[in-house]
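Okay, thanks everyone for coming.

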Amino acid sequence: MSTSNQTPPGLDSQDITQLKRLHLASLVEGSTLVILVCLAVPLKHLAGYPQLTSAMGPIHGLAFLFYAWMVINTASAGLWRKGQVTRLLLLAFIPFGTFFNIGMIKRREAGPAVANAPANKERVE
Amino acid sequence: MTYTLIKSLHIVVMAVWIGGMLTLAVAMTGWKQAAQADVPAHLKIFAAVQRWNQTVTLPAMILTWVTGLALTMMGNWPPSAALVIKFLFVLALSALHGIQSGSFRRSLGQSQLAAPAILRYAAGFTLVALIACVLLIEL
């Protein structure tokens, strides 16, 4: 697989695509969790309006599944260290948590800032 | 009518997803067993497998999730142990596919197989999970 001139050293165009997808998945996962916990659940218990919970529950479930899949996929591609994978997964359980991952994902997209990431040590440039 | 259509779609996309996972497992086993000198000749085939994985298998997996969830909600299935076990198998299959996809993409990038040892059992586990998921419908 060729490494294009536009991509940072250590990453190929598919790595960048996968990181952009993880970025998007983080935003969607974080947003659906916030809507579910901060809006739908209070509406259900305080205002007796359970419809939003019924709708947002499955949507958030799918968003979480895709986010977790993307984390596993990019980790298996050698883009994250073990500690970073733990962080990416743990923050998904906290409202607003995945928003704190955006900076880390952007830095990874920008270049080999993660010095010890396996991709940087083992890739053939 | 809609329920039957979604059920049919669920079976089709699940077959495509499982087929894609088995293809990845077979390709990685073949890569591992190939002599080092033969690998460059096979890279085009491995790249085609990777493209199929990205364009067909991945959407099929997502559609399996969506249609499965829709069937559970539309059918008003009561929560049961069988359903929970089936869900756990789907989670495990999804995680396995994530590991397969990432490792295969990384291997192509390096032109050298880089797969964790767990993937040795990928084909076997995929088949066991498929049989379990089908049988659990009857429980």
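Predicted model: local features only at pLDDT ≥ 70, side-chain atom pairs only at ≥ 80, totals over all residues.

Staying with chain A, 45% of its 125 residues count as buried. Take the contacts between residues at least 6 apart in sequence: 66% of them join residues at least 24 apart.

Now, the largest pocket. Its volume is about 1,100 Å³. What lines it? There are 42 lining residues, and among those nearest the centre are B:Phe87 and B:Val90. Both chains contribute: α2 (51-76) of chain A supplies at least two residues of the lining, and so does each of α1, α2, α3 and α4 of chain B. By class, that lining splits into 31 nonpolar, 9 polar and 2 charged residues.

Last stop, the aromatic rings. Over all chains, the count is 6 aromatic pairs. One of them is B:Trp31 with B:Phe46, a stacked pair, 4.5 Å centre to centre with 5° between the planes. B:Trp31 sits in helix α1 of chain B and B:Phe46 in helix α2, 15 residues apart.

B:Phe46 also pairs with B:Phe104: their planes are at 85°, so this pair is edge-to-face. Since B:Phe104 is in helix α3 of chain B and B:Phe46 in helix α2, the pair ties together parts 58 residues apart in sequence. B:Phe46 and B:Phe104 are both buried, and ring pairs link B:Trp31, B:Phe46 and B:Phe104 into a cluster.

Notes: Residues numbered from 1 in each chain as written. Chains lettered and ligands numbered in written order. Heavy atoms only, no water. Buried < 20%, exposed > 50% of the residue type's maximum accessible area, 1.4 Å probe, protein only. Contact = heavy atoms within 4.5 Å. 1 Å grid on protein atoms, 1.4 Å probe; cavity = no way out; pocket = protein on both sides within 12 Å on 5 of 7 lines; lining within 4 Å. Points joined across faces, edges and corners; volume = space filled by probe spheres on them. Helix = DSSP H or I, 4+ residues; strand = E, 2+ residues; numbered from the N terminus. Nonpolar A, V, L, I, M, F, W, Y, C, P; charged D, E, K, R; others polar. Phe/Tyr/Trp six-rings, centres within 6.5 Å; stacked < 30°, edge-to-face > 60°.
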